[in-house]
Amino acid sequence: MQGREALPNKGGGGRREGDNSRHVPVMLHRCLDMLAPALAEPGAVVVDCTLGLGGHSEALLATFPSARLIALDRDKEALRLSGERLAPYGDRATLVHAVYDELPDVLERLGVPRVQGVLFDLGVSSMQLDEADRGFAYAQDAPLDMRMDQTTGISAAEVLNTYAPGELVRILRQYGEEKQAKRIVSAVVREREKEPFSNSARLVELIRDSLPQAAKRTGGNPAKRTFQALRIEVNGELSVLEQAIPAAVKTLAVGGRIAVLSYHSLEDRLVKQVFAAGAANTAPPGLPVVPERYQPRLKLLTRGAELPTEEEVAENRRAAPARLRGAQRVREDVG
């Protein structure tokens, strides 16, 4: 998803339009292996909730020749480029402009009651990072936009220029886990009164100047936590994810599987909580026989979160922060 030392990311190296050769999907083979038992049967439907440049989707279509793919993305440019990439698969691939918490509505419109597989690859796509004018990467000067769907919502610049100081501090602390949030926000408020923020380089310089030397010596680029926080706020990522993961689990047929790649602790914690709740026995203590409605709905497919191998990180530096969790639907909901 982003350049190393940049925001949590999901994709491979830089690319040019029409050139997917350098796009290396994160933990691809492990994701395919995790979903494989649910996708081998004819007529299986798999959903890629985060299409991006289409690397995972292309591999799903190629690996499971009898499966149908439904792929979602909020970024129209990603849909266009991936549409070209997946065109050889014809009507096996259905691409939809939607945010992933809209999955139940998308499936209803398509007349698909249940699916056999769901994949999430969270964060920012390679395309968004590598196109300078999107403003996601702090390593290059660009307009402070950060919207995954540039047709709607407010930009990162608007957040910086209009939010109350207390709200900015909350966002940097909560979404960026930035310990120096107050220092940074004080500087932002002081500078925005002189001139509104519009480009990333000015913000990066301000952050560097605001932090004590000790804070600049660890953890990579000192701007990365602030950029992560702004991106999450602009796109409503955590609130969307909070709705999307439980909704995706509900769309799974019995035996269906879900795999989720996350790139920072906030995402991973949320996924862990949803999976753990689904895999728990909810019966009151002391029951001699546990009724079906209290039995787990999910079986965990990973022990904790799986990490990329050293070889994967060497091939794709953007895989380094990835965390993979998976679960299988083992029963229907009972009233």
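Colleague: How many aromatic pairs are there?

Modeller: One aromatic pair. The rule is that rings of Phe, Tyr and Trp (its six-membered ring) pair if their centres lie within 6.5 Å, with planes under 30 degrees apart called stacked, over 60 edge-to-face and the rest tilted.

Colleague: Which rings, and what kind of pair?

Modeller: Tyr100 and Phe120, with ring centres 5.4 Å apart and planes at 80 degrees, so the pair is edge-to-face.

Colleague: Where do the two sit?

Modeller: Tyr100 is in the loop between strand S3 (93–97) and helix H4 (103–110), while Phe120 is in strand S4 (residues 115–121), so the pair ties together parts that are 20 residues apart in sequence. Helices (H or I, at least four residues) and strands (E, at least two) are DSSP runs, numbered from the N terminus.

Colleague: Buried or exposed, those two?

Modeller: Both Tyr100 and Phe120 are buried. Buried means under 20% relative accessible area, exposed over 50%, and partly exposed in between (1.4 Å probe, protein chains only).

Colleague: Before I go on, what are the ground rules for these values?

Modeller: It's a predicted model, so local features need pLDDT of at least 70 and side-chain atom pairs count only at pLDDT 80 or more, while totals for chains, interfaces and linings use all residues. Residues are numbered from 1 along each chain as its sequence is written, and side-chain values use heavy atoms, with hydrogens and water left out.

Colleague: Fine. What does the secondary structure come to?

Modeller: 14 helices and seven strands. Of the 335 residues in the protein, 53% are buried.

Colleague: Now the nonpolar cores. How many residues are in the largest?

Modeller: The largest nonpolar core has 32 residues, and Leu144, Val188, Leu203 and Leu206 have the most contacts inside it. By nonpolar core I mean a set of buried Ala, Val, Leu, Ile, Met, Phe, Trp, Tyr and Cys residues joined through side-chain atoms within 4.5 Å.

Colleague: What does Val188 touch?

Modeller: Leaving out neighbours within four places in sequence, Val188 is in contact (heavy atoms within 4.5 Å) with Leu160, Leu168, Phe197, Leu203 and Leu206. There's also a second, separate core of 31 residues, which includes Val240, Ala248, Val271 and Phe275.

Colleague: Let's look at H13. How far apart are its end C-alpha atoms?

Modeller: 20 Å, which agrees with the 20 Å that the 14 residues of helix H13 (residues 265–278) should span at 1.5 Å a residue. The expected span is 1.5 Å times one less than the number of residues in the helix.

Colleague: Which residues of H13 are buried?

Modeller: Leu266, Glu267, Asp268, Leu270, Val271, Val274, Phe275 and Gly278. What covers them includes H7, H11, helix H12 (237–251), strand S5 (252–262), strand S6 (298–300) and strand S7 (323–329).

Colleague: Switching topic: where is Glu332?

Modeller: Glu332 lies in the segment after S7, and it is partly exposed at 35% relative accessible area. Its side chain makes a polar contact with the side chain of Arg114 at 3.1 Å. A polar contact is a pair of N or O atoms within 3.5 Å; within protein, one must be able to donate a hydrogen and the other to accept it, and residues adjacent in sequence count only if both atoms are side-chain atoms.

Colleague: And what does the side chain of Thr302 reach?

Modeller: The backbone oxygen of Gly304, at 3.0 Å. A polar atom of the Thr302 side chain also lies 3.5 Å from the backbone nitrogen of Gly326. Thr302 is in the loop between S6 and helix H14 (310–315), and is buried, with a relative accessible area of 10%.

Colleague: Last one: how many disulfides?

Modeller: Zero disulfides, taking a disulfide as a pair of cysteine sulfur atoms within 2.5 Å. Cys31 is buried at 2% relative accessible area, and Cys49 is buried at 2%.
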